[in-house]
Amino acid sequence: MFSIDQIVTVSFTLFAVIDILGSIPVLLSLKEKIGEINAVKATLASGVLMVAFLLGGKAFLNLMSVDLQSFAVAGSIVIFIIGLEMILGIEFFKSDQDTKTGSLVPIAFPLIAGSGTLTTIMSLKADFGDYNILAGIVLNLLIIYIVLRSLSYIERILGKAGLMVLRKFFGVILLAIAVRIFKSNIGTL
């Protein structure tokens, strides 16, 4: 049922895709525009989206006549592109910057639980158990909450250079994870 190895892998994968530390500059900018970010509201909304996609994503895929392995391969390509974004500093995916709805849009969706995160969750289902993915989601939600609550403090500690190093490091990890997911699912198509 629960596997520490799987939980760790899932947690790090989601942590890299969500890139909450790399999002700190964006979050700080949004905080200036909208006032205070409601950490509880943003974390809960993100969690609901991720868990809903974990539980109902397969039925949704079946409705669209897409098998899990094909989605995993497609998801690995998206993860690969996100990794390239992190390493190269190029933005392939543009997000809406409408701040009128505060903590829900664009923070909970698409910044935290965006297409990359939801695609990753479905891609992980091809290789990992649901309970392990759920545990990884919960661990990431805890990290998200802590980061949202302490944005200014984290920025002072890491500085711009520290945030850039973390972003590049997790970009490389994402590339490796994307290749592994692609390789493990391409033969099953």
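A: A contact here means heavy atoms within 4.5 Å.

Some ground rules come next. This is a predicted model, in which local features need pLDDT of at least 70 and side-chain atom pairs count only at pLDDT 80 or more, while totals for chains, interfaces and linings use all residues. Numbering runs from 1 along each chain as its sequence is written, and side-chain values use heavy atoms, without hydrogens or water.

Now the whole protein. It has 8 helices and 0 strands. Along the sequence the pattern reads α-α-α-α-α-α-α-α. Helices (H or I, at least four residues) and strands (E, at least two) are DSSP runs, numbered from the N terminus. The C-alpha trace spans about 45 × 30 × 30 Å along its principal axes. The radius of gyration is 16 Å, which agrees with the value near 16 Å for a compact globule of 189 residues. That radius is taken over C-alpha atoms, and the globule rule is 2.2 Å times the number of residues to the power 0.38. Of the 189 residues, 43% count as buried. Buried means under 20% relative accessible area, exposed over 50%, and partly exposed in between (1.4 Å probe, protein chains only).

Next, α6 itself. The helix covers residues 115–125. It is largely enclosed by the rest of the structure, because 10 of its 11 residues are buried. The buried residues are G116, T117, L118, T119, T120, I121, M122, S123, L124 and K125. Their cover comes from several helices.

Take S123 first. S123 lies in α6. Its relative accessibility is 0%, so S123 counts as buried. Leaving aside neighbours within four places in sequence, S123 is in contact with F71, A72, G75, S76 and I181.

K125 also lies in α6. At 15% relative accessibility, K125 counts as buried. Its contacts, again leaving aside neighbours within four places, are L54, L68, D130 and I133.

L175 lies in α8. With a relative accessible area of 17%, L175 is buried. It touches F80, G83, L84 and I87, not counting residues up to four places away in sequence. L175 and L27 are 148 residues apart in sequence, and their C-alpha atoms are 24 Å apart in space.

Finally, the record. An unreviewed UniProt entry lists "transmembrane region" for residues 6–30, 42–61, 73–93, 105–125, 131–148 and 169–186. Those positions are given in the numbering used here, feature names are shortened, and annotations may be inferred rather than shown by experiment. Two of the listed spans can be checked against the model. Residues 42–61 are 100% helix and 0% strand, with end C-alpha atoms 26 Å apart. Residues 131–148 are 100% helix and 0% strand too, and their end C-alpha atoms lie 25 Å apart.
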